[in-house]
Amino acid sequence: MRRALPLALGLLAALPALAGAAGLPAVTVQAGPDGGQTWSLSVQVLVLMTALTLLPALLLTMTSFTRIVVVLAILRSALGTQQTPNNQVLIGLALFLSLFVMQPVFQQAWQQGGKPWLEDRISAEQALQRASVPMKDFMLKQTRESDLGLFLNLSGVDQLDKPEDVSLVVLMPAFLTSELKTAFQIGFLLFIPFLIIDLVVASVLMSMGMMMLSPMIVSMPFKLMLFVLVDGWALILGTLAGSFYTG
């Protein structure tokens with residue numbers, strides 16, 4: 001194992017020379033005007049396909065998915081419906097609502113980075129840098145200053161000239177912390193009316209001497225009726241989507 005690692009690193013370092021000697025069209029390296037190196041399109045596509053394996057992690061750390069799925073899970077617990085809706089339905093609902101919320105951001109990232117790169121007007125590094133700008137702008141708008149300051153202090157950064165200078169390594173955990181805090185705040189407000197129904201039902205059952213009957217069985221129809229009467233799904237989803245555009 002110790003011998004395999006230096007061998008692999010040596011082959012990787014010798015890859016441009018081997019490509020030039022063998023004349024492989026798939027692996028070519030060209031010198032850029034700024035002294036850098038540009039890999040062939042096939043290698044860039046290979047790197048892009050490999051990077052797609054990080055898509056689930058990016059979905060959790062850079063989009064609105066975390067807040068939405070946590071609030072929906074808390075809502076299901078507040079209703080007391082156990083596994084209804086099941087996890088697949090909640091994740092699918094959170095995914096498509098996240099796509100709805102993030103559509104302007106994705107569109108801006110595509111116009112600034114993805115489209116020029118496919119048209120071969122900029123390099124892959126420039127495309128990645130340009131596409132990250134609208135993502136960072138969205139994350140900064142949703143991140144609390146206290147959370148961002150916490151991770152800046154942990155990373156050893158005293159101050160920044162402007163918020164846009166913060167790195168994604170610092171911004172991602174700060175964004176996730178703020179999203180979890182916001183999701184729990186929304187979940188707390190959701191729990192209050194259903195908790196009141198549980199308390200009222202439990203008090204009535206105890207006053208009637210029906211202590212052997214579970215209050216959850218009796219209160220769940222009333223909670224479902226309340227949720228349906230106020231058009232709960234439209235209210236919750238509309239509030240979640242609108243919470244990303246305030247402030």
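Visitor: What makes the pairing of the side chains of Thr-182 and Arg-144 a polar contact?

Guide: In this predicted model, the side chains of Thr-182 and Arg-144 are joined at 3.2 Å, and a pair of N or O atoms, one able to donate a hydrogen and the other to accept it, counts as a polar contact within 3.5 Å, so the pairing qualifies.

Visitor: Why is Thr-182 called buried?

Guide: Thr-182, which lies in helix α9, has a relative accessible area of 13%, and because buried means under 20%, the residue falls in that class. Leaving aside residues up to four places away in sequence, Thr-182 touches Arg-67 and Arg-144.

Visitor: What makes α7 oblique to α9?

Guide: Helix α7 (residues 124-142) packs against helix α9 (residues 168-207) at an angle of about 40°, with the axes 9 Å apart. Because angles under 35 degrees count as roughly parallel and those from 65 to 115 as roughly perpendicular, this value makes α7 oblique to α9. The crossing of α7 and α9 is left-handed, and the residues of their contact divide into 7 nonpolar, 3 polar and 2 charged.

Terms used: Residues numbered from 1 in each chain as written. Predicted model: local features only at pLDDT ≥ 70, side-chain atom pairs only at ≥ 80, totals over all residues. Heavy atoms only, no water. Axes fitted to C-alpha atoms, helices over the stretch in contact; angles between N-to-C directions. Helix = DSSP H or I, 4+ residues; strand = E, 2+ residues; numbered from the N terminus. Parallel < 35°, antiparallel > 145°, perpendicular 65-115°, else oblique. Left-handed = near helix turned anticlockwise from the far one by under 90°. Nonpolar A, V, L, I, M, F, W, Y, C, P; charged D, E, K, R; others polar. Buried < 20%, exposed > 50% of the residue type's maximum accessible area, 1.4 Å probe, protein only. Contact = heavy atoms within 4.5 Å.
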